[in-house]
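Please read the following report alongside the sequence and the coordinates. It is meant for a reader who wants to know which local features can be examined and by which criteria they were assigned.

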Amino acid sequence: MRSRRTISRRRFVVSGAAGAGAGATAAMIGPAGANAHPTATPASGPATPDLQPEGPDQRAEQVLQQLTLEEKIAMTHGEMNPNYPFYLPPLSRLGIPALTMADGPSGVRVADPVTNGGKATAMPATIALAATWDLALARRYGDLVGREAWSTGHNVQLGPGADIARVPVSGRIFESFGEDPLLSGGCAAAYVTGIQTHPVAACVKHYCVNNQETNRTRYDAQLSERALQEIYIPPFAAAVRQGDAGLVMGAFNQVNGFYACEHPVLLADILKRQLAFPGFVISDWGAAHGTVESANAGLDQEQPSARVFGDALQAAVQTGAVPMARLDDMARRILRTMFAHGLVDRPVDLIPLPERAHGQIAREIAAQGIVLLKNNDGVLPLPSGGIRSIAVIGADADNASAAGGGSGLVTPTYTVSPLDGIRQRAGAAIAVEHAPGTDPVSAAALLPGPPPVPASVLTPPEADAGVHGLRAEYWDNPGFLGDPALIRTEPHVDLNFGFFIYTGFNAGSPNLPPTPGPSLAGPGALPSVRWTGTLTAPATGDYVLALTSLGTSRLVLDGQPLIDNLGLDLTPATATVTLSVGEPHEVQIEYAADAAGISGNIGAQMRFGWQHPADAIPSRVREAADLASRSDVAVVVVRDYESEEMDRPDLRLPNEQDQLIQEVAAANPRTIVVVQTGAAVAMPWLDDVGAVVQAWYGGQEQGNAIADILFGDINPSGKLPLTFPRSMDETPVATEAQYPGVAGVVEYSEDVFVGY
Ligand code: BGC
């Protein structure tokens with residue numbers, strides 16, 4: 001930390017009052033009072049004199065004139081740095097600081113574990129912000145994020161997301177502002193304005209028509225010019241024109257046959273001409289394809305490192321394939337943005353965050369975003385005086401893990417779980433008890449197929465009474481060779497490793513055993529795993545047992561091979577068996593991560609699932625229903641898993657939480673369901689419960705915000721920013737050609753009729 005501080009001070013000293021050794025150059029690009037951001041908080045570093053009256057354009061031009069070809073090329077691609085994974089080195093001789101970028105948008109993702117312990121305020125997801133329909137709040141949200149970015153050493157914030165929620169199961173809806181272009185644009189512009197009241201430039205992403213994670217780096221969105229201009233461009237237009245966003249991030253996907261990062265119409269014609277965007281365009285991480293195509297179309301900076309720019313761009317400029325004027329334009333835009341948004345004049349710093357004060361803002365926004373979807377017979381608000389007991393039910397009600405996974409995941413400064421929030425607000429006069437009901441949620445919820453066989457019905461070999469699950473043995477090779485690297489009990493067989501858990505992208509439950517080490521679960525790991533124990537049916541009847549796996553899997557039941565799955569894709573392999581209640585059956589499940597494709601970002605993916613008779617109620621579900629029946633009120637807290645890189649398989653809540661809600665509601669009519677999701681879920685139990693509260697991913701103060709609403713301390717005033725369909729069949733994108741697409745082509749044939 002100390003060395004970082006030194007570097008950042010030294011980096012900027014050339015434009016400081018002392019101007020130590022910087023000479024004429026420092027004076028030329030030094031801070032200009034007229035250009036410094038008017039509302040920026042003063043840096044705690046040395047005061048910088050008002051040396052230049054010129055605006056950002058002139059200042060950028062002056063620097064540009066002094067750059068060598070190599071320096072210009074270096075500005076057009078990022079570089080890896082241990083403290084800032086997303087980084088552009090400083091141009092120290094000209095007083096230009098480094099670009100230090102942090103992911104978002106639900107707060108600042110501090111990638112350096114040393115800076116503030118890698119923590120920042122985990123804000124409610126931006127979809128919750130959109131549900132407030134309150135642009136002043138959106139600005140406050142951005143203001144907090146901008147301040148925390150700057151105080152943790154970042155001068156670029158990679159957010160907000162301004163993509164439209166077109167597909168209800170799309171993995172990144174939680175990072176969006178919903179399905180309405182006007183609301184999305186208003187929120188995006190206000191959020192950007194808030195961030196940029198600090199010397200931090202906001203990067204609006206992912207431009208453009210980036211609406212699904214399935215096949216995200218390749219799909220070709222085929223849409224009309226009208227849909228493009230009326231639905232998908234407006235949020236970006238607002239962020240750029242009203243919000244003055246400093247950067248735009250080009251998307252991974254293609255649009256009408258061209259990759260977004262080399263799309264002359266999207267970049268040059270629409271963004272830079274029609275919208276008169278003066279800032280710079282960066283690629284999403286690895287989204288640039290052709291050197292000449294990208295540069296000439298309008299991509300200004302490749303991230304995270306030189307793959308198609310760098311030497312290849314230099315050669316293209318030297319042969320004239322990319323005009324020198326275009327390279328100058330790239331460098332000029334980057335420099336201009338840095339001057340215009342105060343990045344040169346007000347260097348970043350490392351300042352402790354006002355954690356509790358910022359937590360209060362997170363709480364306020366989370367509560368304002370909560371949507372009351374149903375309230376029968378005045379079940380809500382909870383009368384503090386009129387009840388003596390509350391059953392809080394849910395495997396993750398006792399932690400605050402409900403958040404979106406992927407690059408948007410923020411490590412919170414502290415957390416308040418729904419159970420804690422309700423307990424605190426209820427006070428000593430109301431008994432608050434907790435029952436999990438189901439198994440906790442992990443990234444494996446993204447796998448398709450029947451739900452996992454729950455821990456309730458599984459027992460490891462030689463287990464003590466009350467211990468559930470199976471014995472898991474992991475090998476660090478796909479062939480079960482040598483000694484297992486890890487042996488432990490796991491609640492169920494449900495793995496989704498690789499991208500979803502490494503580098504802290506994991507928004508899974510802390511109630512699950514910790515993720516195995518990188519040699520077993522990291523990107524490129526090819527483990528094999530064997531699970532053993534017994535399965536005891538909770539009711540007599542026919543059960544469909546299923547293996548969903550990427551890589552070979554097999555199930556042996558009572559010594560007889562039952563399922564063999566080649567696992568070339570995630571299509572479940574099934575077998576039906578008749579089981580009698582209470583009879584234990586020996587299970588042995590083997591899985592090898594040996595399928596092509598696992599070795600990249602995607603790691604091992606495997607589930608042992610089931611479909612059971614309707615009266616098969618696992619013991620933990622019964623215990624939860626029993627607790628509900630002896631309590632005055634039951635609050636069932638449910639969650640899903642959403643993440644970058646994989647869409648949800650369907651609209652169902654994972655781990656049979658629907659069954660849990662149904663059993664609890666049957667036991668107590670005063671059942672309130674608190675839904676912690678980033679997007680719509682199906683609610684087959686809607687008619688059976690007393691109240692439904694859509695709480696989204698509420699950030700680190702989610703528990704207090706939920707309690708504020710349940711007890712009526714805050715009037716629920718959020719409104720849905722997206723449609724909650726009953727089924728995927730009833731949405732405007734119900735055909736395969738529309739989603740997920742056929743042979744890589746996604747037809748936006750619904751045209752402008754998106755969502756509602
Ligand atoms: C995401 C971006 C993110 C970038 C850097 C990409 O995979 O799509 O939203 O900013 O990674 O983490």
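**Basis and confidence**

The model is predicted, so that local features need pLDDT of at least 70 and side-chain atom pairs count only at pLDDT 80 or more, while totals for chains, interfaces and linings use all residues. Residues are numbered from 1 along each chain as its sequence is written, and side-chain values use heavy atoms, with hydrogens and water left out.

The predictor's confidence in each residue, pLDDT, runs from 0 to 100. For the protein chain its mean is 92, and 93% of the residues reach 70 or more. Over residues 1-51, however, pLDDT stays under 50, and the model has 99 contacts beyond four places in sequence for this stretch, a contact being heavy atoms within 4.5 Å. Where pLDDT is low, the predicted coordinates should not be read in detail.

Helices (H or I, at least four residues) and strands (E, at least two) are DSSP runs numbered from the N terminus. Burial is judged by relative accessible area, with buried meaning under 20%, exposed over 50% and partly exposed in between (1.4 Å probe, protein chains only).

Strand β24 (residues 633-639) is largely enclosed by the rest of the structure, because 7 of its 7 residues are buried. Both of its faces are covered, with Val 633, Val 635, Val 637 and Arg 639 on one side and Ala 634, Val 636 and Val 638 on the other.

Two strands are taken to pair if DSSP finds at least two bridges between them. Strand β11 (residues 389-393) pairs with β24 in the parallel sense over 4 bridges, and Ala 391 stands opposite Ala 634. Strand β25 (residues 671-676) and β24 also pair in the parallel sense, over 6 bridges, with Val 637 opposite Val 674. From β24 the chain passes through helix α18 (residues 657-667) to β25 in a right-handed β-α-β crossover; right-handed here means that, with the strands pointing away from the viewer, the path from the first strand over the helix to the second runs clockwise.

**Nonpolar cores**

A nonpolar core is a set of buried Ala, Val, Leu, Ile, Met, Phe, Trp, Tyr and Cys residues joined through side-chain atoms within 4.5 Å. The largest has 81 residues, and Tyr 207 and Tyr 232 have the most contacts inside it. Beyond its neighbours within four places in sequence, Tyr 232 is in contact with residues including Ile 164, Cys 208, Leu 223, Tyr 748 and Val 754. A second, separate core of 53 residues includes Leu 409, Val 453, Leu 458 and Ile 501.

**Cysteines**

With a disulfide defined as a pair of cysteine sulfur atoms within 2.5 Å, the count comes to 0. For Cys 187 the nearest cysteine sulfur, that of Cys 208, is 17 Å away, and Cys 187 is buried at a relative accessible area of 1%. For Cys 261 the nearest is that of Cys 203, 10 Å away, and Cys 261 is likewise buried, at 1% relative accessibility.

**Backbone angles**

| Item | Angle |
|---|---|
| Gly 104 to Pro 105, cis | omega near 10 degrees |
| Leu 380 to Pro 381, cis | omega near -5 degrees |
| Ala 276, positive phi | phi near 50 degrees |
| Asp 558, positive phi | phi near 50 degrees |

Pro 105 lies in the loop between β2 (99-103) and α5 (126-132), and Pro 381 in the loop between β10 (371-375) and β11. Ala 276 is placed in the loop between α10 (264-274) and β9 (280-283). Asp 558 lies in the loop between β19 (553-557) and β20 (560-565) and counts as partly exposed at 41% relative accessibility.
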